[in-house]
Amino acid sequence: GVLDLKNIKGSFAGAMGLPQFMPSSWRSYAIGYATKERADLFNNPHDAIASVGNFLKVHGWRPDDPSHVEAVIAPSARPAEFVAPSLTPLHTVAEIQAAGIAQASSRLPPWTRASLIDLPEEDDNVAYWFATHNFFVITQYNRSFMYAAAVLTLAEALQAPG
């Protein structure tokens, strides 16, 4: 339907609806789940999920590709050299591993493009992840590495059995 512009409420920054899309994202990525046309992002969670999926698809999401793997840092390693300065993977897994930074689980082939991200933890330690292309696609939705890590951690928890 048509939106009543006088009564629409959004965030202080202008984000609206269930997916908190900015108006330009609404125009570019909103799709109806059932109709693939007009989307009701204020009231229909199916449309909101389809629209976020469309956003990720348009930004290059690669189905079945891992988004990240936890890193294990050797005492002599200097992970800061591989921490992403931008929203793109700049190294290969092999380059990072050659610097003494291993994968907690060997999910990423050595030629995979990745950068490290550093995630502050409650105990003042820092966790590091190998972040791949799909991780950085999520940062196109929200540029915060912490946001992307939280989304992926929640997705893993939802997929866990039991």
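Author: With pairing. Two strands pair if DSSP finds at least two bridges between them. Keep in mind that this is a predicted model. Here β1 (residues 68–73) pairs with β5 in the antiparallel sense, over three bridges.

Reader: How many bridges join β4 to β5?

Author: Six, and these strands also run antiparallel. β4 covers residues 113–120. D118 stands opposite Y128 in β5. The two strands form a hairpin with five residues between them. In the turn, D124 has a positive phi of about 70°.

Reader: Why is β5 called largely enclosed?

Author: Buried means under 20% relative accessible area. Five of the six residues of β5 are buried, so the rest of the structure largely encloses the strand.

Reader: What follows β5 (126–131)?

Author: T132, in the loop between β5 and α4 (133–141). T132 is buried, at 4% relative accessible area.

Reader: How do I look for empty space?

Author: Rolling a probe the size of a water molecule over the atoms shows where empty space is left. In this model, the largest pocket holds about 510 Å³. It has 18 lining residues; W61, I138, V151, L152 and A155 are the closest to its centre.

Reader: Which elements give two or more residues to the lining?

Author: α2 (45–58), α4 and α5 (145–159). α5 gives the most, with seven residues. By class, the lining has eleven nonpolar, three polar and four charged residues.

Key:
Residues are numbered from 1 along each chain as its sequence is written. This is a predicted model: local features need pLDDT of at least 70, side-chain atom pairs count only at pLDDT 80 or more; totals for chains, interfaces and linings use all residues. Side-chain values use heavy atoms; hydrogens and water are left out. Helices (H or I, at least four residues) and strands (E, at least two) are DSSP runs, numbered from the N terminus. Buried means under 20% relative accessible area, exposed over 50%, partly exposed in between (1.4 Å probe, protein chains only). On a 1 Å grid over the protein atoms alone, a cavity is a set of points where a 1.4 Å probe fits but cannot get out, and a pocket is an open set with protein on both sides within 12 Å along at least five of seven lines; lining residues have an atom within 4 Å of a point. Grid points are joined across faces, edges and corners, and a volume is the space filled by probe spheres set on the points. Ala, Val, Leu, Ile, Met, Phe, Trp, Tyr, Cys and Pro count as nonpolar, Asp, Glu, Lys and Arg as charged, and the others, Gly among them, as polar.
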